[in-house]
Amino acid sequence: MRRWCRFAPDRFPDNMVDMGTGYDCFDTLSHSDDPRITGEARANRQLLKGTLAAAGFRNLPEEWWHYTFVEEPFPDTYFDFPVARHSLTCAPLPPDRD
C-alpha cells in the first residue's frame with residue numbers, strides 16, 4: 001500500500017518504487033525508520049539504506065532519501081555547475097563496465 005505525504009500532493013504519480021512517501025515529503029512519515037511504514041515500502045527503504053551505507057554514505061534519519069558521503073574528498077568546497085538538458089547525454093559504457 002502506498003502512503004503519501006499528509007502535507008503535500010503526490011509529486012510523481014508514475015511507476016516509481018514504493019518508499020512509503022513521495023520524495024521531499026516533510027512529514028514524520030518520511031523518517032527512514034518510521035514504524036508506520038511497513039511491507040514493501042519498508043523493505044525498499046532498508047535496501048536503499050543498506051546499499052548506500054555499504055558504499056560509504058550516511059543517512060539523515062529524518063529523510064529516507066537524504067544521504068551524505070562520509071569520506072567527502074572536498075568538505076570545504078562548494079561546486080556550482082550549470083545544468084542544461086544538452087548536458088544530460090549519456091556516453092556509452094567502457095567495455096569493462098557492461
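## Ground rules

Because the model is predicted, local features need pLDDT of at least 70 and side-chain atom pairs count only at pLDDT 80 or more, while totals for chains, interfaces and linings use all residues. Numbering runs from 1 along each chain as its sequence is written, and side-chain values use heavy atoms, with hydrogens and water left out.

## Salt bridges

Side chains of opposite charge can pair when their charged atoms come close. How many salt bridges does the structure hold? There are two, counting a side-chain nitrogen of Lys or Arg within 4 Å of a carboxyl oxygen of Asp or Glu.

One of them joins the side chains of Asp33 and Lys49, at 2.9 Å from N to O. Asp33 sits in the segment before helix 1 and Lys49 in helix 1, so this pair ties together parts 16 residues apart in sequence. (Helices are DSSP runs of H or I with at least four residues, strands are E runs of at least two, and both are numbered from the N terminus.)

Asp33 is partly exposed at 37% relative accessibility, and Lys49 is partly exposed at 25%. For the cut-offs, buried is under 20% relative accessible area, exposed is over 50%, and partly exposed is in between (1.4 Å probe, protein chains only).

The side chains of Asp34 and Arg36 also meet in a salt bridge, at 2.8 Å from N to O. Here Asp34 is buried at 7%, whereas Arg36 is partly exposed at 36%.

## The loop at Ala55

Ala55 belongs to the loop between helix 1 (39-54) and strand 1 (57-59). Its relative accessibility is 46%, so Ala55 counts as partly exposed. Ala55 and Phe69 are 14 residues apart in sequence, with 8.5 Å between their C-alpha atoms.
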